[in-house]
Amino acid sequence: MNDESKFLVERVQTGVRMEKRLLKVLKAFADYHDMTLGDLLEGIVLHAFDGKTPFSPASLERVQALKKFYELDLDSGASHRLKEIKAKASRKRAAEK
């Protein structure tokens, strides 16, 4: 297929919850490449579905720098083991009861 080919798609708005520091790294990486977060996530997922890495060595270096900056200490080993903490407002309301 020609790299110049365009694919017409229908995009939808989604409300996905994600670890806060991970989202900061993704947003910063997308901004660095002058792309939207949605475009970045689509690219990552499409590469993963094909069993390919979405990042060049230079991009991986950038990701590591962003992880350090945002104090993101998670890696793939944390996948499926993340447990969400209760929101502060929820804890405050529970304490009032």
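Reader: Which residue with a positive phi follows H3?

Author: This is a predicted model. In it, H3 is followed by a residue whose phi is near 55 degrees. That residue is Glu71.

Reader: How does the reach of H3 from its first C-alpha to its last stand to the expected value, and what is that reach?

Author: H3 has 13 residues, and at 1.5 Å a residue the expected span is 18 Å.

Reader: Where do the buried residues of H3 lie around its axis, and against which element do they pack?

Author: Buried here means under 20% relative accessible area, and Ser59, Val63, Leu66 and Lys67 are the buried residues of H3. Seen down the helix axis, these residues fall within an arc of 100 degrees, so they line one face of H3. On the other side, Pro57, Ala58, Glu61, Lys68 and Phe69 are exposed. The buried residues pack against H1.

Reader: Which elements give two or more residues to the lining of the largest pocket?

Author: The largest pocket has a volume of about 760 Å³. Its lining has 23 residues, and Leu22, Leu26, Ile44, Asp75 and Ser76 lie nearest the pocket centre. The elements that give two or more residues to this lining are helix H1 (20–32), helix H2 (37–49) and helix H3 (57–69).

Reader: How many residues of the lining of the largest pocket are nonpolar?

Author: The lining of the largest pocket is made up of 23 residues. Among them, 3 are polar and 3 are charged. The number of nonpolar residues is 17.

Methods:
Residues numbered from 1 in each chain as written. Predicted model: local features only at pLDDT ≥ 70, side-chain atom pairs only at ≥ 80, totals over all residues. Heavy atoms only, no water. 1 Å grid on protein atoms, 1.4 Å probe; cavity = no way out; pocket = protein on both sides within 12 Å on 5 of 7 lines; lining within 4 Å. Points joined across faces, edges and corners; volume = space filled by probe spheres on them. Helix = DSSP H or I, 4+ residues; strand = E, 2+ residues; numbered from the N terminus. Nonpolar A, V, L, I, M, F, W, Y, C, P; charged D, E, K, R; others polar. Expected span 1.5 Å × (residues − 1). Buried < 20%, exposed > 50% of the residue type's maximum accessible area, 1.4 Å probe, protein only. Arc of directions from axis to C-beta. Contact = heavy atoms within 4.5 Å.
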